[in-house]
Amino acid sequence: MELRNSTGVSEFLLLGLSEKPELQPLIFGLFLFVYLITVLGNLFIILAVRSDSHLHTPMYFFLFNLSLVDICFISTTVPKMLVNIQTQSKVISYAGCITQMYFFLLFAGLDNFHLTVMAYDRFLAICHPLNYMVIMSPWLCGVLVLVCWIMSVLHSLLQCLVVLRLSFCPDLEIPHFFCEIKQMVQLACSDIFLNNMVMYFGVGLLGGGPLIGIIYSYSKIVSSIWGIPSAQGKYKAFSTCASHLSVVSLFYGTSLGVYLSSAATHGSYSNATASVMYTVVTPMLNPFIYSLRNKDIKRALKRFVGMVVTKGPIVLGLKKCT
């Protein structure tokens, strides 16, 4: 904190996706639409799982938590961006920037770890079906989610603490629509060797570790499905993990694309535009993937919507009577 005070840093400027005034209304409308779709889509998944007793299983418990995390994940970046466009202000305070960076890393880590836990859940369901419900007890499910939270909190806290020690140069413009840690570190005037080491550690923890776990789980799943004699049995087994595999491919595919694009190009806005894929698009598409490819979710959503529709006239009728 002393280093920060010595440079007098109190705020940063978020340059956003474009500085062209004529594009701001389009960007505002597009991101507002995507944000509302994301929140509503994931909220429907949460309500469907909560309201249907048939979905009170480990698989849908983790999906419930993933949808909740996705709402929080997109809410750390997009609302501030929309406010900045609406007020025509690019300013974010130093404390606000650190806070946004902390929660962004927190929910990004939770997304990663939840996808890994869901892969482990599918591994047990397909490779050890007889012992699945015994192993995946409510206690273990709760512990796995708690471990995800603890690891994500500790990681994001570590990343923010090493940023707090930095002193910053006078140029405080961040060529992004949120306080991305790599962009912030590049603005520092002090030595950033420790920050780079901690960031590499974070990439290994949040990227390499979970990805290895997911690949291992699906290698075992594929070998188990391959051993099923009937084609119908193979299809039924694969259909239980198809949605999760699609989400994993989307999340890691877009994240890898952002990394490669940032390494290949050094334009001011290219990295910000590329990061839209995994920070905004992926949380929006997750509910559609799970609802369109999952019959249980479809059935629960229809039942939930039907329940709301039927209760609506009853409530209105009671109000008129009173």
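Which residues in helix 2 meet which residues in helix 4? Point 3 has the reply.

1. Basis. This is a predicted model, in which local features need pLDDT of at least 70, side-chain atom pairs count only at pLDDT 80 or more, and totals for chains, interfaces and linings use all residues. Residues are numbered from 1 along each chain as its sequence is written, and side-chain values use heavy atoms, with hydrogens and water left out.

2. Overall make-up. The protein has 12 helices and 3 strands. Both are DSSP runs, numbered from the N terminus: helices are H or I with at least four residues, strands are E with at least two. Of the 322 residues, 46% count as buried. Buried means under 20% relative accessible area, exposed over 50%, and partly exposed in between, with a 1.4 Å probe and protein chains only. Among contacts with a separation of 6 or more, 79% come from residues 24 or more positions apart. Contact means heavy atoms within 4.5 Å.

3. Helix 2 and helix 4. From helix 2, Q24, I27, F28, F31, L32 and Y35 meet V78, P79, M81, L82, I85 and Q86 in helix 4. These contact residues divide into 10 nonpolar, 2 polar and no charged. Nonpolar covers Ala, Val, Leu, Ile, Met, Phe, Trp, Tyr, Cys and Pro; charged covers Asp, Glu, Lys and Arg; the others, Gly among them, are polar. The axes of helix 2 (residues 24-51) and helix 4 (residues 78-87) come within 10 Å and cross at roughly 150°. That makes the two helices roughly antiparallel. The cut-offs are under 35 degrees for roughly parallel, over 145 for roughly antiparallel, 65 to 115 for roughly perpendicular, and oblique for the rest. Axes are lines fitted to C-alpha atoms, for helices over the stretch in contact, and angles run from 0 to 180 degrees between N-to-C directions. Helix 2 passes helix 4 in a left-handed crossing. Left-handed means that the near helix is turned anticlockwise from the far one by less than a right angle; clockwise is right-handed.

4. N84. This residue lies in helix 4. Is N84 buried or exposed? N84 counts as buried, at 10% relative accessibility. Neighbours within four places in sequence aside, N84 is in contact with L14, S89, K90 and V91.

5. The 3 strands form an open sheet with mixed pairing, in the order 2-1-3. Strand 2 and strand 3 are the edge strands, each pairing on one side only. Two strands pair if DSSP finds at least two bridges between them. Strand 1 and strand 2 (residues 91-93) run antiparallel and are joined by 3 bridges. Strand 1 and strand 3 (residues 173-174) run parallel, with 2 bridges. L13 takes part on both sides: V91 stands opposite in strand 2, and E173 is the bridge partner in strand 3.

6. Faces of strand 1. In a regular strand the side chains alternate between the two faces of the sheet. Strand 1 (residues 11-14) alternates in this way. F12 and L14 point to one face and are buried.

7. Helix 5 and helix 9. Which way do they run relative to each other? Helix 5 and helix 9 are roughly parallel. Helix 9 (residues 193-226) packs with helix 5 at an angle of about 20°, and their axes are 9 Å apart. The crossing is left-handed. On the helix 5 side, the contact residues include G109, N112, F113 and T116. On the helix 9 side, they include L205, G207, P210 and I214. By class, this contact has 14 nonpolar, 6 polar and 2 charged residues.

8. T116. Helix 5 (residues 94-127) holds T116. T116 is buried, with a relative accessible area of 18%. Apart from neighbours within four places in sequence, T116 is in contact with P210 and I214.

9. V163. Helix 7 (residues 138-164) contains V163. V163 is buried, with a relative accessible area of 0%. Leaving aside neighbours within four places in sequence, V163 is in contact with Y94, I98, M101, F168, I181, M184, V185 and N195. V163 and I192 are 29 residues apart in sequence and 8.9 Å apart in space, C-alpha to C-alpha.
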